[in-house]
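Please look it over before reading on.

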Amino acid sequence: MSSRALRTAQPFGEVLREIPLPPYVTGEDVQFAVRAVVVHAPQRWSGGTVCRNDANPFPCRLHRWGRRVLALRGVSPAAVDELVERGDPTAQVPVAPALPGGQGRAARGRPGQGWAGLEALSAPPQ
């Protein structure tokens, strides 16, 4: 290996810092993201706030990945916080079709509705 290749390579810790996002976000990715944010929720510990699942400093890589995927699908940070509070890793999030370029269409109600707006979208018509 050339010395140039060694100089331009990223440090090992830098490569593992973030989990890459999928090229486009599918419904399955959304369910994995819900599981990630719920299972890797924050927990108070004597040394500070850590990930409940793996005891890494919170937010861990999987929690951050889950929040990024849900944000691409239009789920607000407040709605993600409500998911974490519920603690149900199998909670359903309405999934809008993905747009070209990896950008998800917003799947939410009016601004300020939070999770209640998402539930209203998934409710059967009356």
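Q: How many residues lie between strand 1 and strand 2 in their hairpin?
A: This is a predicted model: local features need pLDDT of at least 70, side-chain atom pairs count only at pLDDT 80 or more, and totals for chains, interfaces and linings use all residues. Residues are numbered from 1 along each chain as its sequence is written, and side-chain values use heavy atoms, leaving out hydrogens and water. Strands are DSSP runs of E with at least two residues, and helices are runs of H or I with at least four, numbered from the N terminus. Strand 1 and strand 2 form a hairpin, and the residues between them number two.

Q: In what sense do strand 1 and strand 2 pair?
A: Pairing requires at least two bridges found by DSSP. Strand 1 covers residues 42-45 and strand 2 covers residues 48-51. Their four bridges run antiparallel.

Q: Which residue in strand 2 is the bridge partner of Pro 42?
A: Pro 42 has its bridge partner in strand 2. That partner is Cys 51.

Q: Is Cys 51 buried or exposed?
A: Buried means under 20% relative accessible area, exposed over 50%, partly exposed in between (1.4 Å probe, protein chains only). Cys 51 has 1% relative accessibility. Cys 51 is therefore buried.
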